[in-house]
Amino acid sequence: MPRIFAIGDPHLSRAVAKPMDIFGDHWIDHSERLFSACRAMVGPDDLLIIAGDISWALKLEEAVPDLDDIAALPGTKLLLRGNHDYWWQSRSKIERVVDPSIHLLQNDSFLFGDVAIAGGRGWTLPGDPYATPEDERIFRRELERLRLSFKSLVGKRYERVMAALHYPPTTASGEATPVTELLEAHGVEVCIYGHLHGAGIAAGFTGVRNGITYKLLSADAVGFSPVEVAPALFAMA
């Protein structure tokens, strides 16, 4: 049975000098360890979701070496944009240069077997003590894009729904947010996300809330190894 794996925030930098070990020794050679784990776990018939902050590149041409490394991994790859993916400006331009095994999740959805995957970048949640009026504006825009993603499922045939986000959909205590309300309204069973690193990992909610299994999968939160989402996490929902 094909499986779905996911990981967030690989922060690759083959063409850009951006060593991640400045954030701690656990980041030393992180890309090699991450790719090795993906090759060991993900099969040719599986799906690997990469939940944002894919490359430190500023321009698409700088991101191509990182995208090529991802393409060389087994299986189908589904990418979504993170807040540091500045190279991700034009979907059509990206699709012209990436390998056919790579798909983009942007304002739409993706079907893999009987699982429908909706999602998007997300943004800083309303009520965050550091949020600015600009953050509120971006959050509302990203929420509408998430609605578009779910709307794209109309007329498609699937049995289960999962969400893939970059930003956390809820707080550390699992409070209701406009994002969690949207996920619940569309029958989501599993939601994976990234963005949080280091001490911030403690602010990520992992567990079951109102029938949805939430899992933080930023690379350093999961030991730079992808996590099986389906069928594993669906069994918890």
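Author: Let us begin with aromatic pairs. Rings of Phe, Tyr and Trp (its six-membered ring) pair if their centres lie within 6.5 Å; planes under 30 degrees apart count as stacked, over 60 as edge-to-face and the rest as tilted. By this rule there are 4 aromatic pairs. One of them is tilted and joins Trp 87 to Trp 88, at 5.6 Å centre to centre and 45° between the planes. Please note that this is a predicted model, in which local features need pLDDT of at least 70, side-chain atom pairs count only at pLDDT 80 or more, and totals for chains, interfaces and linings use all residues. Residues are numbered from 1 along each chain as its sequence is written, and side-chain values use heavy atoms, with hydrogens and water left out.

Reader: Are Trp 87 and Trp 88 buried or exposed?

Author: Buried means under 20% relative accessible area, exposed over 50%, and partly exposed in between (1.4 Å probe, protein chains only). Trp 87 is buried at 3% relative accessibility, and Trp 88 is buried at 1%. An edge-to-face pair is formed by Phe 205 and Tyr 214, with 5.8 Å centre to centre and 65° between the planes. Phe 205 is buried at 13% relative accessibility, and Tyr 214 is buried at 0%.

Reader: How many salt bridges does the structure hold?

Author: The general idea is that side chains of opposite charge can pair when their charged atoms come close. A salt bridge is a side-chain nitrogen of Lys or Arg within 4 Å of a carboxyl oxygen of Asp or Glu. The structure holds 12 salt bridges. Among them is the one between Arg 3 and Asp 46, at 2.9 Å from N to O.

Reader: Which parts of the chain does the pair of Arg 3 and Asp 46 tie together?

Author: Helices (H or I, at least four residues) and strands (E, at least two) are DSSP runs, numbered from the N terminus. Arg 3 lies in the segment before strand S1 (4-7) and Asp 46 in the loop between helix H1 (30-41) and strand S2 (47-51), so the pair ties together parts that are 43 residues apart in sequence. Arg 3 is partly exposed at 28% relative accessibility, whereas Asp 46 is buried at 5%.

Reader: What is the distance between the closest N and O atoms of Arg 91 and Glu 95?

Author: In the salt bridge of Arg 91 and Glu 95, these atoms are 2.9 Å apart. Both residues lie in helix H3 (residues 91-97), 4 residues apart, about one turn of the helix. An α-helix has 3.6 residues a turn, so residues three or four places apart point the same way. In helix H4 (residues 133-151), Glu 142 and Arg 145 are 3 residues apart, about one helical turn, and their salt bridge has its closest N and O atoms 3.0 Å apart. A network of salt bridges links Arg 121, Arg 141, Glu 142 and Arg 145.

Reader: Which residues of helix H5 are buried?

Author: In H5 (residues 178-185), the residues Val 179, Thr 180, Leu 182 and Leu 183 are buried. Seen down the axis of H5, the buried residues fall within an arc of 160° (taken from the directions from the helix axis to the C-beta atoms), so they line one face of the helix.
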